[in-house]
Amino acid sequence: MKTESSPSTTKSVNFVPLPGANTQIVVPDGQSRCVKVLLTAETACRKTGAADFCYVRALADGVPMDPNGAGFQAMDSEDGTASAHAFEWVKRLGEGAHIIRIEQRVGNAATTFYKDDWTFDVSVYL
């Protein structure tokens, strides 16, 4: 589990990592595990001009976890007021080391995706 209490922003229209929201897990040889990722955060999606959304996704080894929103899982929408939001993803992974991370983006470069007081929690189940 990782937490962050300092605010951060992005205006990237391409997915970029949420700094600090990554970890490695290891699944024993010959086995598989169900991995659950939970992201909770205080967010705001501040627009300039046209309406927009702010997106997140969880990746396991660079592949989107489920539910896979095909790049359009909105964490927040066109509201400058910060409020609490959450997303949860799952995926069954085979043996070996795996990198789990959260990525973020906006739909329009005139939008600022604000995050503060977030928790990134990865749980591994049989």
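A polar contact of 2.9 Å links the side chains of glutamate 103 and arginine 101. Polar contacts are pairs of N or O atoms within 3.5 Å; within protein, one atom must be able to donate a hydrogen and the other to accept it, and residues adjacent in sequence count only if both atoms are side-chain atoms. The model is predicted: local features need pLDDT of at least 70, side-chain atom pairs count only at pLDDT 80 or more, and totals for chains, interfaces and linings use all residues. Residues are numbered from 1 along each chain as its sequence is written, and side-chain values use heavy atoms, with hydrogens and water left out.

Glutamate 103 sits in strand E9, residues 96–106. Strands (E, at least two residues) are DSSP runs numbered from the N terminus. The side chain of glutamate 103 also makes a polar contact with that of arginine 57, at 2.7 Å. Glutamate 103 counts as buried because its relative accessibility is 5%. Here buried means under 20% relative accessible area, exposed means over 50%, and partly exposed lies in between (1.4 Å probe, protein chains only). Residues up to four places away in sequence aside, glutamate 103 touches Phe15, Val16, Pro17, Leu18, Tyr55, Val56, Arg57 and Leu59. Contact means heavy atoms within 4.5 Å.

The largest nonpolar core has 23 residues, of which Val37, Ile100 and Ile102 touch the most other members. At least two residues of this core come from each of strands E3 (16–27), E4 (33–46), E5 (53–60), E8 (79–93), E9 and E10 (112–125). E4 gives the most, with five residues. Such a core is a set of buried Ala, Val, Leu, Ile, Met, Phe, Trp, Tyr and Cys residues joined through side-chain atoms within 4.5 Å. In soluble globular proteins, nonpolar side chains tend to be buried together. Beyond its neighbours within four places in sequence, isoleucine 100 is in contact with Ala21, Asn22, Thr23, Ile25, Val35, Val37, Leu59, Ala60, Met65, Leu93, Phe120 and Val122.

Threonine 119 belongs to strand E10. With a relative accessible area of 23%, threonine 119 is partly exposed. Contacts of threonine 119, not counting residues up to four places away, are Met1, Lys2, Thr3, Leu38, Leu39 and Thr40.

Backbone geometry was examined next. The peptide bond from aspartate 66 to proline 67 is cis, with omega near 5°. Proline 67 is in the loop between strands E6 (63–64) and E7 (74–77). Alanine 70 is in the loop between E6 and E7. Though not a glycine, alanine 70 has a positive phi of about 55°. Alanine 70 is exposed, at 59% relative accessible area. Aspartate 61, also not a glycine, has a positive phi of about 55°. Aspartate 61 lies in the loop between E5 and E6 and is partly exposed at 42% relative accessibility.

A search of the whole structure finds one cavity of 30 Å³ or more. On a 1 Å grid over the protein atoms alone, a cavity is a set of points where a 1.4 Å probe fits but cannot get out; lining residues have an atom within 4 Å of a point. Grid points are joined across faces, edges and corners, and volume is the space filled by probe spheres set on the points. The largest cavity holds about 30 Å³. Its lining consists of Arg57, Pro64, Met65, Pro67, Asn68, Gly69, Ala70, Gly71 and Gln73.

Methods:
On a 1 Å grid over the protein atoms alone, a cavity is a set of points where a 1.4 Å probe fits but cannot get out, and a pocket is an open set with protein on both sides within 12 Å along at least five of seven lines; lining residues have an atom within 4 Å of a point. Helices (H or I, at least four residues) and strands (E, at least two) are DSSP runs, numbered from the N terminus.
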